[in-house]
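This report considers side-chain contacts in one protein model, with attention to charged pairs and aromatic rings.

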Amino acid sequence: MNKVVCSVHVAVLAFPFGSHADPLLNVVQEIASKNPRVKFSFLSTKRSNESIFSRHKNGGAGIIHHNIKAYNVEDGLPEGYVPSGDPIEPINLFVGVMIQNFKRAMDKALAETHIKFTCLLTDAFLWFAAEMAKEINAKWVPVWTAGPHSLLCHVMTDFIRDQFAANAGNENIDFVPGLPVVKASELPEGIMDDIEQPLSSMLHKMGQTLPKATAVAINSFAELEPPIVNQLESKFRKLLNIGPFTLALPQPIIPDDQGCIEWLNKHDIGSVVYISFGTVIIPPPHELVAIAEAIDESGFPFIWSFRGKHDEQLPKGLLERIKDKGKIVSWSPQVEILKHEAIGVCVTHSGWNSIMECMVGGVPMISRPFFGDQKLNTRMMEGRWGVGVPIQDGVFTKEATLAALKSTMSSDEGMLMRQKISEFKKSAKRAVETNGSFIRDFNTLVEIVTS
């Protein structure tokens, strides 16, 4: 067999926290599979690389393609580092030294391949890649893994701050073109926060720098938010809608070791509550109890993807009462669960990946946001799209959770939510069909990255 000679070299710079690196690798896998002569050097921390590459090797996405190689970036943690319990601390430590650490990893990839970089394909957070690309005469293509509305806010941060000050601190933000009226407190971190904080400063610089990119790719589909897409197109050299990732790109298969799908097959259409807060968030103990109490009283069957030890975090008597009504599992194949017709609602933190997966599955949402873009996602979900409800006052109580369950599962309001999200489901499917926004824009992305 003749050895394939790579003539184009793409540096892929990942942000190694949350749900950032995994979807970026999905994008790279899809491009690499059709372009064997393009070399991809994937740069992230050792912990991140080991985690996501093992999932791809062992999951349904198949193998890691021969033209992708992982390179480890130092994580910025001091020797002997002991976590303080603050989840932001390791992010700040990484951000503080990430520029020089990424440069060192890129130098190593360059020394091994002897092929100069022609494109930097990066997480959008990594604003400094604009200058890196300019220095080596390469293209810069950032990938935004969240929604178009939060991206617009980051790009317009200076405008929002100026207008907010001019309006004497009026809590309502009603002056961002394309965006519905939102409260200042619902904007993502980094918009109104002190820009000197490492994470806020990074997001602010990102918003200022993205207009310089060769193209900006986002995990969305054009039909979801045309007014916001129009605004972004006016600010970027090129905007590429390459989502929803969960539908458009091959995903590693999560094994259903605990029999969730088999269990769902025994339940009626739209009768089951699915509860999950992603891979990072664990609600406070009193809120976990409130959820369980509401589930107990509501009588709805449920699947709860529970991070932690439920037998220690939930009262024993309560746990005994609810265990026969549903399944509490440590890990679940979320995409497949949300596509199952038995699911009636998803109780979620409203991270963007979960929002997209609910739309693809046609499942309304009950939202309890915690940080980042989640509050703004919740506002869009309720106020703009009408496909879910927020938990009253933003905190799970038994009464608030019961009210939200009844609203989404057994009322005319809930039926209307299902009808609306079914239309978004159809739009998402059209986006990945021939002549859809994903097909058109992903082909453009491939051409830019590989030429």
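In this predicted model, R379 and E186 form a salt bridge in which the closest N and O atoms are 2.7 Å apart.

A second salt bridge joins R321 to D296, with 2.9 Å between the closest N and O atoms. Because R321 lies in helix α13 (residues 316–323) and D296 in helix α11, this pair ties together parts that are 25 residues apart in sequence. R321 is partly exposed, with a relative accessible area of 48%, while D296 is buried at 17%. Both residues also belong to a network of salt bridges that links D296, R321 and K325.

A further salt bridge is formed by D441 and R440. Here D441 is buried, with a relative accessible area of 7%, and R440 is partly exposed at 46%. Over the whole structure the search finds 11 salt bridges; three of them are listed below.

| Salt bridge | Closest N and O atoms |
|---|---|
| R379 and E186 | 2.7 Å |
| R321 and D296 | 2.9 Å |
| D441 and R440 | 3.3 Å |

The aromatic side chains are considered next. A pair of aromatic rings is described by the distance of the centres and the angle of the planes. The count of aromatic pairs comes to 16. In one of them, the rings of F42 and F53 have centres 5.5 Å apart and planes at 75°; the pair is edge-to-face because this angle is over 60 degrees. F42 lies in strand β2 (residues 38–45) and F53 in helix α2 (residues 46–58), so their contact ties together parts 11 residues apart in sequence. Both F42 and F53 are buried.

F277 and F396 form another edge-to-face pair, at 5.7 Å centre to centre and 70° between the planes. This pair links distant parts of the chain, 119 residues apart: F277 is in the loop between β10 (272–275) and α11 (285–298), and F396 is in the loop between β15 (388–390) and α17 (398–409). F277 and F396 are both buried.

Ring pairs also link F15, F17, F94, F102, F125, W127, F128 and W144 into a cluster. Finally, a charged side chain meets an aromatic ring where R368 lies over the face of F370, at 3.9 Å from the ring centre.

Key. Residues are numbered from 1 along each chain as its sequence is written. This is a predicted model: local features need pLDDT of at least 70, side-chain atom pairs count only at pLDDT 80 or more; totals for chains, interfaces and linings use all residues. Side-chain values use heavy atoms; hydrogens and water are left out. Rings of Phe, Tyr and Trp (its six-membered ring) pair if their centres lie within 6.5 Å; planes under 30 degrees apart count as stacked, over 60 as edge-to-face and the rest as tilted. Helices (H or I, at least four residues) and strands (E, at least two) are DSSP runs, numbered from the N terminus. Buried means under 20% relative accessible area, exposed over 50%, partly exposed in between (1.4 Å probe, protein chains only). A charge sits over a ring if NZ of Lys or CZ of Arg is within 6 Å of the ring centre and within 35 degrees of the ring normal. A salt bridge is a side-chain nitrogen of Lys or Arg within 4 Å of a carboxyl oxygen of Asp or Glu.
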